[in-house]
Amino acid sequence: SGSSDPYCVVKVDNEVVARTATVWKSLNPFWGEEFTLRLPRGFRSLAIYVLDEDTIGQDDVIGKVSLGHQQISAEPRGIDSWLSLAPVNPDEEVQGEIHLELCVPEQRHPRVLRCHLIEARDLAPRDPSGTSDPFARVSCCGHTLDTAVVKKTRFPHWDEVLELELPEGEAVLSVEVWDWDIVGKNDFLGRVEFPLDTISTDPTRGWFQLLPLPSTRQDHGGQLGALRLAVRLVEDTVLPPHHYQPLIQLLTEPVLRPEQPPDGTALAVLEEVTSGESRQDVATKLVKIFLGQGLAVPLLDYLTTRELARTTDPNTLFRSNSLASKSMEQFMKAVGLPYLHEVLRPVVTRVIEEKKYVELDPGKMELSRGRRISFKGSLSETQVRDSSLELLRGYLRDMVAAIVGSAERCPLPMRVAFQQLRRRARERFPLAQHQDVRYFSISGFLFLRFFAPAVLAPKLFGLREQQPQPRTGRTLLLLAK
């Protein structure tokens with residue numbers, strides 16, 4: 001058909017850890033999927049494979065992007081760019097480890113290298129059965145010895161000792177693992193190398209990561225396409241809980257003792273020095289800490305009260321991405337996500353599954369693609385607008401009714417936090433002309449930072465497993481507005 005059905009597979013050190021949805025019949029797929037991966041401290045590489053899904057037979061590999069640990073760590077703010085896909089060579093798609101022991105026994109003439117090949121684990125499957133027939137090969141300066149073949153396994157146990165006569169001077173010992181095939185050539189499963197000057201009379205024993213053959217391919221200059229990636233590595237060292245008690249006491253002190261001067265507290269200093277780009281992370285961690293201490297609601301009261309004190313124009317209240325606004329946003333996500341799902345999922349699901357054509361902007365209307373085609377031809381601009389308004393009003397009516405009717409199901413911590421916010425807003429702006437401040441200070445959070453973003457991006461809030469189609473996304477955007 002001239003197109004593909006692409007999806008991505010994410011591997012960490014050759015282990016599959018995530019898979020995207022398939023985008024059908026597209027050479028320009030958009031996934032918009034985000035994964036948070038818990039990585040081992042010593043991981044070596046992150047690879048993303050792009051494959052074409054086939055209903056019959058094996059899926060085709062289009063290409064891959066590989067990023068080493070050092071490459072990702074070198075960008076503290078993350079990598080966000082288009083990266084060219086590289087071809088996939090089966091000889092470079094190795095995995096697993098080999099367990100062996102090396103030594104050079106004393107008083108042997110000529111000198112002999114003793115290699116004890118014990119076992120291997122998690123080898124790549126090379127046969128249709130999903131296994132391999134592995135054997136190990138030891139090579140040095142043209143001399144080669146093989147172990148026996150162990151049939152149909154990815155976890156072979158050899159327990160064989162091979163001895164090679166050592167040459168004089170510098171040389172390298174190569175230990176390779178192969179999949180034996182009765183017909184055709186054997187398949188490479190990986191190798192590990194040891195300079196002979198690193199091997200002594202004291203045995204060297206352990207598990208060693210199998211590595212691919214050296215790459216000889218050239219850069220294909222994007223001929224296979226490119227993948228847009230945003231990758232960020234966050235490395236945290238977590239100590240036992242008692243190490244954090246002094247910090248927690250310092251942070252919670254202004255909340256537990258509100259009679260103290262507020263400007264010199266740790267929270268106040270943190271609020272002043274936190275930059276815009278890191279405010280989200282700081283707010284997330286603060287909310288988690290205070291939730292753990294049972295003090296999340298007093299924290300929000302402290303931060304919002306400080307922001308109210310700095311605000312002179314009530315129309316700008318909580319409109320900036322301040323620490324108070326970001327903390328309230330993270331708090332609502334932490335305690336209110338199940339509630340959000342219960343309220344919005346039925347309507348959002350209906351919008352996505354009905355796939356109605358909705359557009360209000362004349363410059364973006366596709367009149368020939370209106371969902372109701374009349375016998376006179378395409379719909380007029382007025383007909384599309386009226387139909388769209390009717391659909392939007394229907395969806396919005398159900399959405400607002402679901403929200404308004406859910407007051408009793410709203411989590412108690414959210415209700416208490418908003419009750420305090422309403423009282424603080426009334427105290428800060430007591431005049432009659434500002435009586436609405438107590439309400440839109442709450443609606444600014446509840447609608448602009450909770451319900452509306454979830455309607456706009458349902459996958460981000462867990463309402464859907466996949467991103468909606470662009471046309472449906474436009475409908476959700478208009479509903480959010």
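# Helix packing, cores and selected residues

The axes of H6 and H7 come within 9 Å of each other and cross at roughly 170 degrees. Since angles over 145 degrees count as roughly antiparallel, that makes H6 roughly antiparallel to H7. The model is a predicted one. H6 also packs on H9, where the axes come within 10 Å and cross at roughly 55 degrees.

**H6 with H7**

- On the H6 side, the residues in this contact are Tyr339, Val343, Leu344, Val347, Arg350, Val351 and Glu354.
- On the H7 side, they are Tyr395, Asp398, Met399, Ala402 and Ile403.
- Sorted by class, the contact of H6 with H7 has nine nonpolar, no polar and three charged residues.

**H6 with H9**

- The axes of H6 and H9 cross at roughly 55 degrees, which makes H6 oblique to H9.
- The crossing of H6 and H9 is right-handed.
- H6 makes this contact through Ser325, Met328, Glu329, Met332, Lys333, Gly336, Tyr339, Leu340, Val343 and Leu344.
- H9 contributes Phe445, Leu446, Arg449, Phe450, Phe451, Ala454 and Val455.
- The class count for H6 with H9 is 12 nonpolar, two polar and three charged residues.
- Tyr339, Val343 and Leu344 of H6 take part in the contact with H9 and also in the contact with H7.

**H7 with H10**

- H7 and H10 pack with their axes 10 Å apart, at an angle of about 60 degrees, and H7 is therefore oblique to H10.
- The crossing of H7 and H10 is right-handed.
- Leu392, Tyr395, Leu396 and Met399 of H7 meet Thr475, Leu478 and Leu479 of H10.
- Six of the residues in the contact of H7 with H10 are nonpolar, one is polar and none is charged.
- Tyr395 and Met399 of H7 belong to the contact with H10 and to the contact with H6.

**Nonpolar cores**

- The largest nonpolar core has 43 residues, and those with the most contacts inside it are Phe331, Leu344, Phe418 and Phe451.
- Two or more residues of this core come from each of helix H5 (296-310), helix H6 (323-354), helix H7 (381-404), helix H8 (412-428), helix H9 (437-456) and helix H10 (470-480).
- H6 gives the most to this core, with 11 residues.
- Another core, of 28 residues, lies apart from the largest one and includes Val104, Val175, Leu196 and Ile199.
- Beyond four places in sequence, Phe331 touches Val287, Leu291, Ala296, Val297, Leu300, Gly336, Pro413, Met414 and Ala417.
- Leu344, listed above for the largest core, also takes part in the contacts of H6 with H9 and with H7.
- Phe451, likewise listed for that core, is one of the H9 residues in contact with H6.

- Most residues other than glycine have a negative phi.
- Lys25, which is not a glycine, has a positive phi of about 55 degrees.
- Lys25 lies in the loop between strand S2 (15-19) and strand S3 (45-52) and is exposed, with a relative accessible area of 64%.
- Phe318 also has a positive phi, near 60 degrees.
- Phe318 lies in the loop between H5 and H6 and counts as buried because its relative accessibility is 6%, where the cut-off is under 20%.

**Buried residues and their surroundings**

- Asp52 is in strand S3 and counts as buried at 12% relative accessibility.
- Outside four places in sequence, Asp52 is in contact with Ser4, Asp5, Pro6, Tyr7, Asp59, Asp60 and Ile62.
- Ser3 is 49 residues from Asp52 in sequence, with the two C-alpha atoms 9.5 Å apart.
- Leu267 is in helix H3 (residues 266-273) and is buried, with a relative accessible area of 0%.
- Residues touched by Leu267, other than those up to four places away in sequence, are Leu251, Pro254, Val255, Leu286, Phe290, Leu299 and Tyr302.
- Leu267 and Ser278 are 11 residues apart along the chain, and their C-alpha atoms are separated by 15 Å.
- Thr472 is in helix H10 and is buried at 7% relative accessible area.
- Apart from neighbours within four places in sequence, Thr472 is in contact with Val351, Ile352 and Lys355.
- Val351 is one of the H6 residues that meet H7.

Terms used: Residues are numbered from 1 along each chain as its sequence is written. This is a predicted model: local features need pLDDT of at least 70, side-chain atom pairs count only at pLDDT 80 or more; totals for chains, interfaces and linings use all residues. Side-chain values use heavy atoms; hydrogens and water are left out. A nonpolar core is a set of buried Ala, Val, Leu, Ile, Met, Phe, Trp, Tyr and Cys residues joined through side-chain atoms within 4.5 Å. Buried means under 20% relative accessible area, exposed over 50%, partly exposed in between (1.4 Å probe, protein chains only). Helices (H or I, at least four residues) and strands (E, at least two) are DSSP runs, numbered from the N terminus. Contact means heavy atoms within 4.5 Å. Axes are lines fitted to C-alpha atoms, for helices over the stretch in contact, and angles run from 0 to 180 degrees between N-to-C directions. Angles under 35 degrees count as roughly parallel, over 145 as roughly antiparallel, 65 to 115 as roughly perpendicular and the rest as oblique. A crossing is left-handed if the near helix is turned anticlockwise from the far one by less than a right angle, and right-handed if clockwise. Ala, Val, Leu, Ile, Met, Phe, Trp, Tyr, Cys and Pro count as nonpolar, Asp, Glu, Lys and Arg as charged, and the others, Gly among them, as polar.
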